[in-house]
Amino acid sequence: MPLQALSLINFIFLLLSPSLATATCPKKCGSLHFSYPFGVGSGCFMDPSFNIICKKSTPYLNITGKMLEIVEIRPTQIRVKYPYMLAATCYSKTEDYPHKVIRDNYSSVDLMDTQYAISDQNWLTAVGCDDIVAAFGQNNEIFAGGCVTYCPTKDPHGHGLCPNDENGYSAGNGCCRTSIPKGTMFLATQLSDIGGKWLRNKFFPCSYAFVEETRTSKQSAFSYPFSDLNKSKNINEWVLSTQQPVVRLDWRVGTQNCHEARRNSSTYACKANADCVNLESNSDWAQGYLCSCKKGFHGNPYQNGCQG
């Protein structure tokens, strides 16, 4: 083979090398700093799940068919604003028991084809009076759960208060929270009125459900005016008018465990002086992995490898 042709092949190979191809890629969008496997633009990210869209100095992820603003990227998690989840329901009184549903918005979050899962450091939160929120989801198994919202009195000038301990199980007023299993890749909810079972009329016609990251007991509790439950809004409108929930997503590299991933050097993500770490989970995420620098080394384990 002529020397010129060989040099051209080597040059093309170097251009396609992830470590060199990402050397000139953007490392910042607005105030957000990031590094490979995340990136902006073709050739700058490892997987489409890690493609950051920088729009007017604001970073977004385009997953689940929605543009999600990125708040923070961590070694194992990414925090995004997610004001879309999950359901809103309103009722109108009739002579029939219990009430007639005049609108029932049902939505789901499907991350099955991405490198993300909903972290167990999130709550499913429901606000309303005399409602039950049922959750249906999947990690490696199908699961179901939920909680009940209850208001002891009808005070149109009062405020609902959500539980704010670390597990979300403490008592609330017009609000309830329930945990989300680790490795959840699909989640959907449904709201139902149970006012008639309490032998009383429904206090307020509307209720809402969404997902947000867990809070510590030191953080301010979430409250809302009961008058919001008289408004016929969808969940997006209500959440946008009250708060911007932040959701934590766990991320992984690939779908294999470390032993399987090492067999294919062309796709193995961990570079020099980096350890492969299996994801510890009872879900399908046990088949994913992450990379970290060996003790005494530092740098980017996915790009140029770790340096001593």
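**Fold, cores and pockets of the predicted chain**

Among contacts in the protein chain (heavy atoms within 4.5 Å) between residues at least 6 apart in sequence, 65% join residues at least 24 apart. The structure is a predicted model, in which local features need pLDDT of at least 70 and side-chain atom pairs count only at pLDDT 80 or more, while totals for chains, interfaces and linings use all residues. Residues are numbered from 1 along each chain as its sequence is written, and side-chain values use heavy atoms, with hydrogens and water left out.

The protein chain contains four helices and 23 strands, assigned as DSSP runs (helices, H or I, of at least four residues; strands, E, of at least two) and numbered from the N terminus. Of its 308 residues, 44% count as buried, where buried denotes under 20% relative accessible area, exposed over 50%, and partly exposed the range in between (1.4 Å probe, protein chains only). The chain exposes about 15500 Å², of which carbon and sulfur atoms supply 53%; accessible areas come from the Shrake-Rupley method with a 1.4 Å probe, and for residues only the protein chains shown count as cover.

In soluble globular proteins, nonpolar side chains tend to be buried together. A nonpolar core is here a set of buried Ala, Val, Leu, Ile, Met, Phe, Trp, Tyr and Cys residues joined through side-chain atoms within 4.5 Å. The largest such core has 50 residues, and Tyr116, Leu249 and Tyr289 touch the most other members. Apart from it lies another core, of 16 residues, including Cys162, Cys206, Tyr224 and Leu229. Tyr116 belongs to strand E10 (residues 116-118) and is buried, with a relative accessible area of 0%. Although Tyr116 and Leu249 are 133 residues apart along the chain, their C-alpha atoms are separated by 5.9 Å.

Pockets were identified on a 1 Å grid over the protein atoms alone, as open sets of points where a 1.4 Å probe fits, with protein on both sides within 12 Å along at least five of seven lines; lining residues have an atom within 4 Å of a point. Grid points are joined across faces, edges and corners, and a volume is the space filled by probe spheres set on the points. The largest pocket holds about 510 Å³ of space. It is lined by 27 residues, of which Arg74, Pro75, Thr76, Trp251 and Leu290 are the closest to its centre. Two or more lining residues come from each of strand E19 (246-251), strand E20 (274-278) and strand E21 (289-293), with E21 giving the most, three residues. By class, this lining has 15 nonpolar, eight polar and four charged residues; Ala, Val, Leu, Ile, Met, Phe, Trp, Tyr, Cys and Pro count as nonpolar, Asp, Glu, Lys and Arg as charged, and the others, Gly among them, as polar.

The second largest pocket contains about 310 Å³ of space. Its lining comprises 17 residues, with Met46, Val253, Thr267, Tyr268 and Ala269 nearest its centre, and divides into nine nonpolar, six polar and two charged residues.

Backbone geometry was also examined. The peptide bond from Tyr36 to Pro37 is cis, with omega near 20°, and Pro37 lies in the loop between strand E2 (32-33) and strand E3 (52-55). Ser57, in the loop between E3 and strand E4 (58-63), has a positive phi of about 65° although it is not a glycine. Asn273, also not a glycine, has a positive phi of about 60°. Asn273 is placed in the loop between helix H4 (258-261) and E20 and is partly exposed, with a relative accessible area of 31%.
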